[in-house]
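This report describes a model with the sequence and structure shown below. Please have both at hand while reading.

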Amino acid sequence: MLESTKSIPAKDFVLSVEGLTVSFDGFKAVNDLSLYVEEQEIRVIIGPNGAGKTTVLDLICGRTKATEGSIKFKGKELTKLNEHQIVHAGVGRKFQNPSIYEDLTVFENLELSFPRGRNVWGALFFRRDKEVVDKVKEIADMIFLGDKLDTSADLLSHGQKQWLEIGMLLIQDPELLMLDEPVAGMSVSERKQTADLLHRITKDRSVLVIEHDMQFVADIADRVTVLHQGKVLSEGSMDRVQSDPKVVEVYLGH
Amino acid sequence: MNKFADFIARNQYSHMIILAVLLLVILPLSMDIFRLNLVGKYLTYAFVALGLVLCWGYGGILSLGQGVFFGLGGYCMAMFLKLEASSPENTAIQSTPGIPDFMDWNQLTELPWFWEPFHSFGFTLFAVIAVPAVFAFIIAVAMFKRRVGGVYFAIITQAVAAILTILIIGQQGYTGGVNGITDLRTLHGWDIRTDEAKYILYYINALLLFICLFVAAFVIKSKLGRLLVAMRESEERVRFSGYDVSGFKIFIFCLAAAISAIGGAMFTLQVGFMSPTFVGIVPSIEMVIFCALGGRLSILGAVYGTLLVNWAKTSFSESFPELWLFAMGALFIGVVMAFPNGLAGIYQRYIEPLLLKLSKKDDSPSAPTPAAKDASSDKADNNEETLTSEERKHA
């Protein structure tokens, strides 16, 4: 198993979640949760089904509104912003099921995610210039789809769709990247490629990943947070978390 | 024949040119002015169908109240013409000369304030577009900012159509009530009822339709057009790509409303009156049928669909008036079930490959391949391509 005990530099937190609570008709899916992510850190969130992992990402990206608590991204309060404003602030989100535009080509999928011309007039008079084409090609090569630019996205394999969605995030160049089960449904070789891809793209940004595949988690994680019933059960390096008796009880040991 | 097939299949403007030849040359030469005026009237509905292609076909926003915008545009034009027709000399026998006749019948003694600006033709032209667009903007902001969509939006637009009809009929003194605004005569002294005027208006109408077609084509080919397709598929993803989805929906709905309104104004000019029968639920749904039959992803299909259904309506209802509505209903259901992309879809799937085959026979092998998916950087004919991929999805 890979040792991931990087020394943590004393920097400001990119993301600080404090006292976050969301209640659905009385059921607290996330309960008084606090979480701090540092610059350039790869943080993996694990936990049994229903622990509130996806809900945490939903809360950060604005898909769900928090009942209480605060989410600060680079000092900016996110709980008051709309989804697209949060994206503009520099947070990118990949969904659990590949969520791409199947009627459009790979090129168009990436182009739509290019951060320019994001209002009505900008989109109307958007020009596909060299900057856009170059950037799209660069990202496409990075996500192993360089030769599939003109393929309609609905013809891609499941793994390729996952990569395409990651690519759509990369082209936005977010400072915080949130990935919900990026290797779910992938073959072994695709997993390897994805882990490799994640290592490359996380050089200059922070990443928050939800994942079930323990081998994959051990491969990529700087630190691991274990959620259980909407609360943080344990936090630290993979080794520490794996040897935590509380974690073993609820999750790893079954 | 091969040359012709080649032209149609290869030239991206060929379909537009063929429509132009049909509307500007063939129809005017082959029809008397009565029939041509009828075609002109049908073409005003094509504006609405075109608007529906944008907001329903591409944007996925089904509006069952487009008659509202057609009607508002038409009423704005009718108000100007009515004021001109109600000069004090023409209305000397009324108890209050100088106001429209229906106001006099309803015991109004002075022109209501909102009629005043319609003395000016410049203001009227502005209002024809602005009034429906602002109205559409208010509806769109109220709905889309709250993320109301789909069936709920359709029902609300239908309710708006019903409400506006009731309002117009109820406020007889201000709107002419159920009769509408009738007896329109001149535009700046130019008699719009003569045959010559009807020819000119037909051509102005056709010209405006082409301008709207070009605007629609521009929007569809722009990134905004691709965003609309993307939104139709996955609104959430668009939102998380950093776009304010409601802004785009508001824009396309207002654009569709403005285009419909131009049709309404041209209707008033060509037919010579405007009434609430063109505002309500029935005409609004008919417009959706025109659009669906023509193909809701094809701007030209909308024009052909409108012409064909109305031509069928006229000839069919001359012989079997009571059966027409059933026939149209059956046609609508049939087309939607068998050919979800309407006539344009049928053309794309069956006729275009045939034309390409014909054009390829006597050609060098260097000919570009038909399914031009390969040239993504040169997506000139985006409209057709989106349709093919949509076709494939349905197939």
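## Basis and overall make-up

The model is predicted. Chain A contains 10 helices and 10 strands, whereas chain B contains 17 helices and two strands.

Of the 254 residues in chain A, 47% are buried. In chain B, which has 395 residues, the buried part is 44%. Among contacts in chain A with a separation of 6 or more, 68% join residues 24 or more positions apart. The corresponding value for chain B is 79%.

## Dimensions of chain A

Along its principal axes, chain A has C-alpha atoms that fill a box of roughly 55 × 40 × 40 Å. The radius of gyration of chain A is 18 Å, which agrees with the value near 18 Å for a compact globule of 254 residues.

## Contact between the chains

The contact involves 32 residues of chain A and 29 residues of chain B. On the side of chain B that touches chain A, the elements giving two or more residues are α10 (223-233), α11 (235-240), α12 (245-271) and α17 (382-394). The largest share of that side comes from α10(B), with seven residues.

By class, the side of chain B that touches chain A consists of 11 charged, nine polar and nine nonpolar residues.

## Helix pair α4 and α6 of chain B

Two packed helices are described by the distance between their axes and by the angle between them. For helix α4 (residues 66-85) and helix α6 (residues 121-144) of chain B, the axes come within 9 Å and cross at roughly 160 degrees. Angles over 145 degrees count as roughly antiparallel, and α4(B) and α6(B) are therefore roughly antiparallel to each other. The crossing of α4(B) and α6(B) is right-handed.

On the α4(B) side, the contact is made by F69(B), L72(B), G73(B), C76(B), M77(B) and F80(B). On the α6(B) side, the residues are F121(B), T124(B), A127(B), V128(B), V131(B), P132(B), F135(B) and A136(B). The contact of α4(B) with α6(B) has 12 nonpolar and two polar residues, and no charged ones.

## Helix pair α9 and α12 of chain B

Helix α9 (residues 195-221) of chain B packs with α12(B) at an angle of about 175 degrees, and their axes are 10 Å apart. The two helices, α9(B) and α12(B), are therefore roughly antiparallel to each other.

The residues of α9(B) in this contact are K198(B), L201(B), N205(B), L208(B), C212(B) and V219(B). Those of α12(B) are L255(B), I259(B), I262(B), M266(B), L269(B) and Q270(B). By class, the contact of α9(B) with α12(B) has nine nonpolar, two polar and one charged residues. Helix α12(B) is also among the elements that give two or more residues to the side of chain B that touches chain A.

## Two residues with positive phi

Most residues other than glycine have a negative phi. D25(A) is not a glycine, but its phi is positive, at about 50 degrees. This residue, D25(A), is found in the loop between β1 (13-24) and β2 (27-38) of chain A. D25(A) counts as exposed because it has 4 C-beta neighbours inside 10 Å, and the limit for an exposed residue is 12 or fewer.

Q107(B), also a residue other than glycine, has a positive phi near 60 degrees. The loop between α5 and α6 of chain B holds Q107(B). With 9 C-beta neighbours inside 10 Å, Q107(B) likewise counts as exposed.

D101(B) is placed in helix α5 (residues 101-105) of chain B. D101(B) is partly exposed, with 18 other C-beta atoms within 10 Å. Not counting residues up to four places away in sequence, D101(B) touches S86(B), T91(B) and Q94(B).

V309(B) belongs to helix α14 (residues 299-319) of chain B. Leaving aside neighbours within four places in sequence, V309(B) is in contact with I289(B), F290(B), L293(B) and M328(B). V309(B) and E286(B) are 23 residues apart along the chain, and their C-alpha atoms are separated by 9.5 Å.

Methods: Residues are numbered from 1 along each chain as its sequence is written. Chains are lettered from A and ligands numbered from 1 in the order in which they are written. This is a predicted model: local features need pLDDT of at least 70, side-chain atom pairs count only at pLDDT 80 or more; totals for chains, interfaces and linings use all residues. Two residues are in contact if their C-beta atoms, placed from the backbone, lie within 7 Å. Helices (H or I, at least four residues) and strands (E, at least two) are DSSP runs, numbered from the N terminus. Ala, Val, Leu, Ile, Met, Phe, Trp, Tyr, Cys and Pro count as nonpolar, Asp, Glu, Lys and Arg as charged, and the others, Gly among them, as polar. The radius of gyration is taken over C-alpha atoms; the globule rule is 2.2 Å times the number of residues to the power 0.38. A residue is buried if 20 or more other C-beta atoms lie within 10 Å of its own, exposed if 12 or fewer, and partly exposed in between; C-beta atoms are placed from the backbone. Axes are lines fitted to C-alpha atoms, for helices over the stretch in contact, and angles run from 0 to 180 degrees between N-to-C directions. Angles under 35 degrees count as roughly parallel, over 145 as roughly antiparallel, 65 to 115 as roughly perpendicular and the rest as oblique. A crossing is left-handed if the near helix is turned anticlockwise from the far one by less than a right angle, and right-handed if clockwise.
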